[in-house]
Amino acid sequence: MKHPFLERGRRSNIEGGFAPEELELALRHVSMPLEALRYDVTPVGLHYTLCHFDIPALDERTFRLRVGDRALSMKELRAMPRHTVRATLECAGNGRARFVPRYPSMPWTHGGVSTADWTGVALRALLQDVRAHEVAFIGADRGFDSGVEHAFGRSLPLAEAMRDDVLLAWSMNGQPLAPQHGAPLRLVVPGWYGMASVKWLARIELHDQPFDGYQQASGYRYKKREDEDGVPVRHMKVKSLISPPGVPDWYTGRRLVDAGPLTIEGRAWSGAGVTVKRVQLAVDGEWREAELEAPHERFAWQRWRCEWHATAGEHQLVCRATDAQGATQPAQSDWNI
């Protein structure tokens with residue numbers, strides 16, 4: 001008997017209304033409400049979540065992290081020197097709902113991003129004297145994607161894995177990890193898109209060759225055509241968002257503000273620890289400079305604000321950020337499969 005998933009293959013891009021499967025994903029996973037951009041650190045209950053498969057039920061008392069021939073308990077990990085890193089994480093698919101045609105998956109609009117304080121042990125403390133091409137991280141969550149059964153897994157080049165700020169985290173915002181955020185232990189890779197920060201981390205492997213797990217070799221690659229290898233998704237790209245002003249209409253989400261002086265504000269970030277150097281706000285297509293706060297943490301978003309005298313009528317507000325390497329947030333994301 002053939003397995004019911006094996007002939008499905010990768011889903012085709014689609015146009016038109018959202019499929020029932022996409023709506024189910026939207027109900028299962030959680031966007032950060034954009035008004036939460038006001039917080040320097042996103043409260044745990046407002047932090048975005050995406051779980052590829054079921055949330056594993058792991059008992060911290062019996063949990064063991066397997067690293068080569070070692071099996072480390074949470075007690076042993078907690079006894080090691082701990083570090084805290086504030087990092088903005090963004091889902092690599094954030095914004096895909098607005099692509100035409102789009103890939104049928106979690107229909108993110110803008111809310112697949114948040115910032116948290118992560119506490120744990122530096123990964124490099126477990127990799128002393130290691131020689132490898134890549135380090136692979138395998139989660140306890142398992143299922144099918146495009147007909148391929150696998151445990152979710154990603155890898156990092158050894159040099160990236162040995163950075164001081166890459167953590168095996170057991171705490172989020174000073175609290176134990178919640179189940180949906182990877183309890184009891186997860187990887188946190190600041191500056192990379194969220195898929196690199198493997199949750200429910202169960203195993204660390206050393207590889208002399210590139211890791212060929214599905215989510216590394218087939219998923220998370222920028223491709224224009226299905227028949228090309230594409231470019232791996234790695235560091236986050238420069239981006240900014242507006243914290244919605246005024247009050248919303250319940251159904252459409254459109255905003256209403258009083259005429260007069262108004263401060264528009266939001267957040268901006270980039271990847272690989274690169275700072276944002278400039279944010280601009282356009283009102284009805286006319287650009288003006290925003291005031292940008294200096295970065296307080298290397299891998300966390302930056303606050304920006306801009307004064308506007310609102311007049312009666314309907315207006316369109318748009319923001320864009322430019323980072324220290326000269327990359328500028330585009331008006332429309334570059335389409336990819």
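Leaving out residues up to four places away in sequence, R98 touches T109 and H110, where contact means heavy atoms within 4.5 Å. This is a predicted model, so local features need pLDDT of at least 70 and side-chain atom pairs count only at pLDDT 80 or more, while totals for chains, interfaces and linings use all residues. Residues are numbered from 1 along each chain as its sequence is written, and side-chain values use heavy atoms, with hydrogens and water left out.

Staying with R98: the residue sits in the loop between strand 3 (82-90) and strand 4 (113-122). Helices (H or I, at least four residues) and strands (E, at least two) are DSSP runs, numbered from the N terminus. The side chains of R98 and H110 are joined by a polar contact of 3.4 Å. By polar contact I mean a pair of N or O atoms within 3.5 Å; within protein, one must be able to donate a hydrogen and the other to accept it, and residues adjacent in sequence count only if both atoms are side-chain atoms. R98 counts as exposed because its relative accessibility is 54%; the classes are buried under 20% relative accessible area, exposed over 50%, and partly exposed in between, with a 1.4 Å probe and protein chains only.

Next, Q329. This residue lies in the segment after strand 21 (317-323). Q329 has a relative accessible area of 14% and is therefore buried. Beyond four places in sequence, Q329 is in contact with V238, K239, S240, C319, R320 and A321. With S240 there is also a side-chain to side-chain polar contact, at 2.7 Å.

Now strand 10, residues 201-207. Strand 1 (residues 64-67) runs parallel to strand 10, joined by two bridges; pairing requires that DSSP finds at least two bridges between the strands. Strand 5 (residues 134-145) pairs with strand 10 in the antiparallel sense, over six bridges. Which residue of strand 10 is the bridge partner of R66? The partner is R203, and R203 is also the bridge partner of I138.

Last, the second largest pocket, with about 180 Å³ of space. Of its 14 lining residues, E134, S155, Q216, R221 and P232 are the closest to the centre. A pocket here is an open set of points on a 1 Å grid over the protein atoms alone, where a 1.4 Å probe fits, with protein on both sides within 12 Å along at least five of seven lines; lining residues have an atom within 4 Å of a point. Strand 6 gives the largest share of the lining, four residues.

Note on methods:
Points joined across faces, edges and corners; volume = space filled by probe spheres on them.
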